[in-house]
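Visitor: Please take one part of this model and go through it closely. I would like the packing described piece by piece, with the cut-offs behind each term.

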Amino acid sequence: MNSIKTITIFRKNLLALLNQDEQSSMRNLSTSIGTSDSYIQKIITSDANPSLDKIDSISEFFDVNSWELFYDAENDEKENLATIQLLNRMPSAMLPVVKNYIEYLQQELPPEDES
């Protein structure tokens, strides 16, 4: 994914999170992450790009994982997000089991028709 598309998805997701409820205002966000209201507005209007540190702070404010700010919900299947979130909550010791199961399924299931 190219960087312009990535930051566009981030901006769209940030705006959606800000519009979710009244407590998630630009002022509350900017105060929480130690910036001005205008900085958040500049991110939304493409006049500024957030640093990795600010991305982490923004994700903490909204209580989401940082990667979720870059998830393209409009162009991806909804089930994918639920699967990713479930995998992220699993203990790391379980991931090899999941990997082995996926490999098993790939061998057992017939290939999808790609015509």
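Guide: Angles under 35 degrees count as roughly parallel, those over 145 as roughly antiparallel, those from 65 to 115 as roughly perpendicular, and the rest as oblique. The model is predicted, so local features need a pLDDT of at least 70 and side-chain atom pairs count only at pLDDT 80 or more, while totals for chains, interfaces and linings use all residues. Residues are numbered from 1 along each chain as its sequence is written, and side-chain values use heavy atoms, with hydrogens and water left out.

Helix α3 covers residues 37-44; helices here are DSSP runs of H or I with at least four residues, strands are E runs of at least two, and both are numbered from the N terminus. Buried residues (under 20% relative accessible area with a 1.4 Å probe, protein chains only; over 50% is exposed, in between partly exposed) in α3 are Y39, I40, I43 and I44. Seen down the axis of α3, these buried residues fall within an arc of 140 degrees (taken from the directions from the helix axis to the C-beta atoms), so they line one face of the helix. Their packing partners are α1, α2 (26-33) and α4. Just after α3, S46 has a positive phi of about 70 degrees.

Now the pairing of α3 with α2. Their axes (lines fitted to C-alpha atoms, for helices over the stretch in contact, with angles from 0 to 180 degrees between N-to-C directions) lie 8 Å apart, at an angle of about 110 degrees. α2 and α3 are therefore roughly perpendicular to each other. Contact (heavy atoms within 4.5 Å) is made by M26, R27, L29, S30 and I33 of α2 with D37, I40, Q41 and I44 of α3. By class (Ala, Val, Leu, Ile, Met, Phe, Trp, Tyr, Cys and Pro nonpolar; Asp, Glu, Lys and Arg charged; the others, Gly among them, polar), these residues divide into five nonpolar, two polar and two charged.

N28, L29, S32 and I33 of α2 meet K54, S57, I58, F61 and F62 of α4. That contact has five nonpolar, three polar and one charged residue.

Helix α1 (residues 3-20) comes within 11 Å of α4 (residues 52-62), axis to axis, and crosses at roughly 30 degrees. That makes α1 roughly parallel to α4. The crossing is left-handed. On α1 the contact is made by F10, L14, L17 and L18, and on α4 by I55, I58 and F62. Seven of these residues are nonpolar, with no polar and no charged ones.

Elsewhere on α1 lies N13, which counts as buried at 15% relative accessibility. Not counting residues up to four places away in sequence, N13 touches E68, L69, F70 and Y71. D72, in the loop between α4 and α5 (78-89), is buried too, at 13%. Leaving aside its neighbours within four places in sequence, D72 contacts K5 and I9.

Technical notes
A crossing is left-handed if the near helix is turned anticlockwise from the far one by less than a right angle, and right-handed if clockwise.
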